[in-house]
Amino acid sequence: MYKLLSHNDLDGVGCGILAKLAFGQNVKVRYNSVSSLNREIEFFLENDHPDTFLFITDLSPNEENEKKLQQFFKKHGNVQLIDHHKTAQHLDEYEWGYVLVEDVNGRLTSATSLFYEYLTSNNYLEKSNAITEFVELVRQYDTWEWEKNENHKAHLLNSLFYLVSIDEFEETMIERLQANDSFDFDDFEKRLLNMEEDKIERYIRRKRREIVQAKVGKYYAGVVYAESYHSELGNELGKEHPHLDYITILNMGGKRVSFRTIHDHVDVSEIAGHYGGGGHQKASGCNLTDDAYKSYVLDTFHLDAIQEDAKRNRHNLKESAFGAMYKSRNEDLFFIHPKDDNWIIEHNKVILEKVFKSYLEAEIYLKRTYEAWLVRDEEFVEYLMNEVRKA
Ligand SMILES: [Mn+2]
């Protein structure tokens, strides 16, 4: 018998699907949240038959269970952990641990892609075009490579995953991967997914109006409350507000926090680690501990949402040689102007001493310090007309 304990997201369930394709009726699969894994490991060690081979994928045990698993392994040899999270790298030291963040070609891995290699190289499962394609879609979604590659099919697969129950998703995928030479959605799914994509877009649009900014430690964080679409949201809000080092997404009901960044200079697995969580450089999470609650909920609850930059302007434009006009909540006016080879900021007609090498640098400073936003054309034109009148 085999038992698989895996994560309850697409990458984790991808592992479950592969396990069932490989071992059929001989594997029991349990999907876990990050916090429920340790209970499952303890249950396994106490209750399961010692001949049962235990796989753990896409999740890592706490220190106590790490030791217990090592003891179990020494006695029975029946454990294999496969993971790709940066914060699980210490488990690679164990004979039973295999943790790889990047493969030999520098490609980011996922638990499903690592488990696929494991199962096929040990002859538990035969490679097929359909499975290979499915595994690659999961990997691209999980590593967010799909966006760079514009591989929307990977995103759709994740959307489908959240539209149906895990059981239904598993069953449909197993059937499809066994029966077909290539992997695709059926017509009904395609129609459903179209509607779902629209729904995600509307959800994100609403959340854009709720995000607040706060300095937490040395970094500027965007903070938003959301129960779903954390990766999509983190990505969109990160791109919308490049002056923020990372985005924090709070799921109050689940008492979980997600961290996402689009930047290379921040490692959000370290930030999550600070609160007892973990993950990847660009995506991580932790429980909503008292500390996390204080930093992200209590200390930010009174803040007003960030105002978005005007989007449809034709005159008041960023990087304009005439200067771009911004406004803060207390009605202060700002202009970012080019001067010689640099950019400068004018605050209520007083030029700030600081000089910036790029427009973006100036804007980052402005938004971090004053939370100002690019005003709409109407306001910009009215201001200019008033100035002309005065003159
Ligand atoms: Mn994963």
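The stops below move from the domains to a sheet and then to a pair of helices.

**Stop 1: the domains**

The coordinates are those of a predicted model. Colour the protein chain by its domain assignment, which gives domain 1 as 2-185, domain 2 as 208-298 and domain 3 as 324-390. Next, display domain 1 and domain 2 together; their C-alpha centres lie 25 Å apart. How many residues of domain 1 are in contact with domain 2? Six residues of domain 1 touch ten residues of domain 2. On the side of domain 1 that touches domain 2, two residues are nonpolar, three are polar and one is charged.

**Stop 2: the sheet**

Select strands β6 to β11, which form an open sheet of six strands. The order across the sheet is β6-β7-β8-β9-β11-β10, and the pairing is mixed. The edge strands are β6 (212-216) and β10 (278-279), each of which pairs on one side only. As background, strands of a sheet pair through backbone hydrogen bonds, in either a parallel or an antiparallel arrangement.

Strand β7 (residues 219-225) runs antiparallel to β6, and five bridges join the two.

Do β7 and β8 run parallel or antiparallel? They run parallel, joined by five bridges.

Move on to β9 (residues 256-260) and β11 (residues 283-287), which pair in the antiparallel sense over five bridges. To inspect one of the pairings, select Ser258 together with Gly285, its bridge partner in β11.

**Stop 3: the helix pair**

Select helix α9 (residues 187-208) and helix α10 (residues 230-240). Their axes come within 10 Å and cross at roughly 50°. Angles of 65 to 115 degrees count as roughly perpendicular and those under 35 as roughly parallel; α9 and α10 are therefore oblique to each other. The crossing of α9 past α10 is right-handed.

Show the side chains at this contact: Ile200, Ile204, Lys207 and Arg208 from α9, with Glu232, Leu233, Glu236, Leu237 and Glu240 from α10.

Conventions: Residues numbered from 1 in each chain as written. Predicted model: local features only at pLDDT ≥ 70, side-chain atom pairs only at ≥ 80, totals over all residues. Pairing = 2+ DSSP bridges. Helix = DSSP H or I, 4+ residues; strand = E, 2+ residues; numbered from the N terminus. Axes fitted to C-alpha atoms, helices over the stretch in contact; angles between N-to-C directions. Parallel < 35°, antiparallel > 145°, perpendicular 65-115°, else oblique. Left-handed = near helix turned anticlockwise from the far one by under 90°. Contact = placed C-beta atoms within 7 Å. Domains from an automatic or database assignment. Nonpolar A, V, L, I, M, F, W, Y, C, P; charged D, E, K, R; others polar.
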